[in-house]
Amino acid sequence: MSDSVDAIVVGAGPVGCAAAHALADRGARVVVVERMERGPASPFAVEWLHPSAADVLLRWGLVLPEGGHVRGTGVSMHLADEGHEPVVVPYRRGMRAVSMPHAELVDALRDSVVERPGVEVLTCARVTAATPDGTVRLTRDGQETRLRADLVVAADGRSSGVRRALFGHTPQTVVSHSAGVVLEGPGLPVYEFFQVASEVPGHGVAIYSIAPDAIRVVLDVPPTHPRPPALHAYLHRHFVPLMPEVLRRPLADALAAGRLTWSATGFRPRVHYGQGRLALVGDAVGHIHPILAAGTTLGIQDALSLAAHGSAEAYAREHAGAGAATGRVAMALYRLLSRQEPGTAQTARMAVDQLRLSPALRDAVGDLLTGDEPGAAHLPVVTAFSTMLGIPAQDIAAAYGPDAYLLSRR
Ligand SMILES: Cc1cc2nc3c(=O)[nH]c(=O)nc-3n(C[C@H](O)[C@H](O)[C@H](O)COP(=O)(O)OP(=O)(O)OC[C@H]3O[C@@H](n4cnc5c(N)ncnc54)[C@H](O)[C@@H]3O)c2cc1C
């Protein structure tokens, strides 16, 4: 391996893989450095890829497990009260998501990069320093190596050491704990909609199929939840009634067997995009609550934008603020469905009803979830949520420049 290449990508998560493909598309020689040998860094995270992210990854050679994936058609949101019908938001233009188990997705993406001409992947290699002059230090097999490149891409995830070294400590705000469980077995329904449900206040559930015979259930639990031994009864009491009838027994069994994987969820504002020859992409920039399953879509947009701009400086200057609409809506929706405050139930019902009654709002949410480039088309949804939740419209509109600001005041 030469010690000087066009681009070095730190991290072979979904966004690092996307960055490697996007740069190789433009003829760059890329080295990807990943600390793991195989498999993801966390036990469960991205499993549902909205259509624009799914399409671009499929084009780059993501191989789907034979007969073992789901092509989702939209998102459904509902409050778990009796008689409150879900609101279904289909993706635009009939586009479809991809859903598959997290570990399989990460490995399949890495395989697509390994097979890509012009890209070299170093696994079991940990980056210990990356600087804006394009230098990267890494350790592998106890050896320290120094590489240089015109462009260094930090795709090292939400705990990014590169971001911390460059911009200091920006704490993430933890808003909840996610408990994930996979329900498997013959006869379970296939969920082609990513479902978000809530029993207001305080507890949310996401349900989606990750294979024809496997359903991922994610319980969103306030961080104040009781610890064992009281935890099991608490989860049972709050979450089993939220589930569709057919999933209540399987979830109760999974809770009793302790088959849960926990992850802290929250957000870190997307503020720093890079400096000098060094660019940040994906969760390394910042992250949002996974309620919309949009983190990877945002990260892939970063990767595409970086490759299109051709330099870290142009990308950091021009791309800053992109994805703000998705982030705001995810945050607003999360607050809507999970606030433990008086009046939350009523606010949530109003918002869901508004979504049900307004085709324009549904279209705007559908665009946003499909993963189209953020822009003025998303303002109706951002503005509607912001008004209901008291987030100033200007804060949201500011991300889109003067024209968007005017639109937001209509
Ligand atoms: C519970 C949960 C569920 C989620 N569900 C979804 C979903 O369904 N759909 C969706 O789109 N998003 C989802 N997200 C968000 C999604 O997981 C992230 O947005 C996405 O993983 C970001 O990808 P990334 O490549 O930026 O970072 P990561 O996936 O974190 O990858 C970072 C990579 O960098 C490597 N690395 C780190 N440090 C170093 C180093 N020093 N040297 C070398 N390698 C290093 C790591 O090993 C890892 O492979 C979810 C998040 C959570 C918490």
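Questions and answers on a predicted model follow.

Residues are numbered from 1 along each chain as its sequence is written. In this predicted model, local features need pLDDT of at least 70, side-chain atom pairs count only at pLDDT 80 or more, and totals for chains, interfaces and linings use all residues, while side-chain values use heavy atoms, with hydrogens and water left out.

Visitor: How far from an oxygen atom of the ligand is the polar side-chain atom of threonine 296?

Guide: A polar contact here is a pair of N or O atoms within 3.5 Å. Within protein, one must be able to donate a hydrogen and the other to accept it, and residues adjacent in sequence count only if both atoms are side-chain atoms. A polar backbone atom of valine 127 lies 3.0 Å from a ligand nitrogen, and a polar side-chain atom of arginine 110 lies 3.3 Å from a ligand oxygen. For threonine 296, the distance is 2.9 Å.

Visitor: What share of the ligand's accessible area does the protein cover?

Guide: Areas come from the Shrake-Rupley method with a 1.4 Å probe; for residues, only the protein chains shown count as cover. On its own, the ligand has 1000 Å² of accessible area. The protein covers 90%.

Visitor: Is serine 160 buried or exposed?

Guide: Serine 160 sits in the loop between strand S10 (143-154) and helix H4 (161-167). A polar atom of its side chain lies 2.9 Å from the backbone nitrogen of arginine 163. Buried means under 20% relative accessible area, exposed over 50%, partly exposed in between (1.4 Å probe, protein chains only). At 0%, serine 160 is buried.

Visitor: Which residues of helix H2 are buried?

Guide: Helix H2 spans residues 51-59. Its buried residues are covered by elements including H1, helix H3 (102-114) and H7. After H2 comes glycine 61, with a positive phi near 105°. The buried residues are Pro51, Ala53, Ala54, Val56 and Leu57.

Conventions
Helix = DSSP H or I, 4+ residues; strand = E, 2+ residues; numbered from the N terminus. Contact = heavy atoms within 4.5 Å.
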